[in-house]
Structure formats: C-alpha cells, structure tokens
Amino acid sequence: MRTWAALLFPILMTSFSAHAETPKTAPAVPVTPVNQAQTLKEKLKSLTARSTNVHSDNLIFDLPVTYNKKVSKWIAYYQGPRGNKWFREWLQRSYKYMPFIQEELKGANLPLDLAYMVMIESGFAPNAISHADAVGPWQFIEATGSRYGLSKTWWLDERRDLKKSTLAATRYLRDLYSEFGSWYLVAASYNMGENGLRRQIKKYGTKDYWTLIKLNALPQETQEYVPKILAAMLIAKAPNLYGFRDLEKMDPLEYEVVVVPGGTDLGPLADHLGVTRKSLKDLNAELYLGYIPRQVEKHFIRVPKGAGRLVSSYVYQNHRKVALE
C-alpha cells in the first residue's frame, strides 16, 4: 500500500512545518473545496474512506506530527522487505500491550502517543537488551532505572516489569518535559541522555529538534529516533492504509496479582495453571531467573486473570509437601 502512503502525506502534511512542533489540528490544505475546512482527523477519515480495506477509529494524535524526508524514509523501511516482518510483529503485539501502557500514561496526564516509544525501544519485548545494556520494554539503563525507583538484584530486575517500568517512565518523561518543554526533545534526551542534550542546546543556542539535526548536533541514532516514532505512530493508527492487513490481534493484557512464598518456581506453576511457561515468565519478566529465591519471604507475582485460586492450591500443596519433608 505504498501508493496510499504517497497519496496521504503530501496532502495531509503540507501544512505541517518540518522544523517545529505543530498542533494536531492544522490549517486547511486545499485538496478540494469540500475539504478546505477539514481537520487532520477529518482528512485522514476522508482519505481512508476511499478504500474499503482501510478501517481505523484511532485517527487522533496527541503528539505533534511532522512529516519530512526522515519520517518518509522510515515509513518506507517499515513497509519494505527488511522492516515489514518485524514491524508487523510489533503491530500485533501492540494490541496486547498498548492499552495497558496508554492507561498508565493517561493516569499520569501524559500524551498517550508516547507509548509508541516502547514500540521503537523494544518492540514491547520485556527481556530486550540493547548494546548499551539498557533493559526492558522502556530500555532503562541501570543508573536511570535506579534513580526512578527500579530495583536490580541478582534475582530481580524491575526494568523488565511492564507495570513498574512504565510508572518509572511516566515520572522520567514528566521531568524531561518540565526541563525541555518539547516532546521531540523529551524523546531525544530519553535516547541520548539529558546531559548530552543540555550541552548541545547550550552550544548551539536552539531548542528545536529539527534545527539540531540540521546542525548535526545530535548523535546519528538520536537524529533517527523521533522520525522512527512518528513513522510507527502514523502507520499504527491506520495500518491497512500502509499494507499491514490481516493482523493477528493479541488479546489486551489482563492479569491478577497474587502473593507467593520464596522458593516458588514459575515453570512448575505454569504447568499447574495449564499455561505455557513462556507466557507466565513474560508476565513476571522481572524474575529473570524464573523463580523466587527461598531466602525471600514472599513476593507478588502476576498470573492470568481468574487463576488466583489455582495458585493458592498450588502454594498450599507445595508448602504441605515441604512441611512433610
């Protein structure tokens, strides 16, 4: 569906500056007299309505939208033979994880579209590790994770936990926005570190992300980071428009929290619950060894919704067995 992308963005984005953050409702673009007063959302709906293959109710942006050559390049990459397969996997995972992340962002009064940072950071994989040893869905390095309350021990790494890392990320993103006042710079500082961004802003005397790119003031990875997020966001809001059809939509993440004693091993517990060991370990990714050490008195874990009673019976049976031994 590259043709639709080519049709959509020259029309939509003419009124968006490539050098500044812009509101989500832009001045009218003269497509036809009927469309002159349309908002961005209305333009998207009008264009997608022309194809019976395109259906989306998520055509609202709460991050500024810029469309330029860098964004276009990443849209083409995600559609192309090298990027299509794993971007499709990200989209499918997004149905499971995005509602959960966006609910936390909403509770923190932050833009919901910041959730697309997780798509770019890790593809929603809880055990993702970067070349810089950043870990988890939000890819926290150890120092920043610790600063925002994420513990790491020999058996526990809370950076891998979706709930805990998302709560830490909301605090971090809020702090970054308080300093930089721009969501593009928030993303840039998240990628390269706030100290490095502060130095470049001071050196070049500008707080405009696109100007800093033109000056080659940012690392290459950071120059591509915001365009990647924007490209992912634009595709994900109307995937059919870009050729991503017949997606296998994962069920939204649901679980309940139970307390279990030290010595609990997730593998046998998963067998008892009748779920795959991987699924239970993914729910409890912070337990990266797959079990709770015996010297730990108790720990809260996540189990599939409705499995609380089965966990209780498992704990009782195992404690009784240990007592008899």
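Predicted model: local features only at pLDDT ≥ 70, side-chain atom pairs only at ≥ 80, totals over all residues.
Residues are numbered from 1 along each chain as its sequence is written, and side-chain values use heavy atoms, without hydrogens and water. Local features need pLDDT of at least 70 and side-chain atom pairs pLDDT 80 or more, whereas totals for chains, interfaces and linings use all residues.

**View 1. Crossing of helix 8 (residues 183-192) and helix 9 (residues 194-204).** The two axes come within 7 Å and cross at roughly 125°. That makes helix 8 oblique to helix 9. Helices are DSSP runs (H or I, at least four residues; strands are E, at least two) numbered from the N terminus. Axes are lines fitted to C-alpha atoms over the stretch in contact, with angles from 0 to 180 degrees between N-to-C directions. Oblique covers what is left after roughly parallel (under 35 degrees), roughly antiparallel (over 145) and roughly perpendicular (65 to 115). Leu185, Ala188, Ser189 and Met192 of helix 8 meet Glu194, Gly196, Leu197 and Ile201 of helix 9 (contact: heavy atoms within 4.5 Å).

**View 2. The largest pocket, with a volume of about 710 Å³.** A pocket is an open set of points on a 1 Å grid where a 1.4 Å probe fits, with protein on both sides within 12 Å along at least five of seven lines; lining residues have an atom within 4 Å of a point. The volume is the space filled by probe spheres set on the points. Of the 30 lining residues, Glu121, Ser130, Gln139, Asn191 and Glu221 lie nearest the centre.

**View 3. The second largest pocket, of about 510 Å³.** Its lining has 26 residues, with Lys96, Tyr97, Leu253, Asp282 and Leu283 nearest the centre. Helix 4, helix 7 (162-180), helix 13 (277-283) and strand 2 (298-304) each give two or more residues to this lining.
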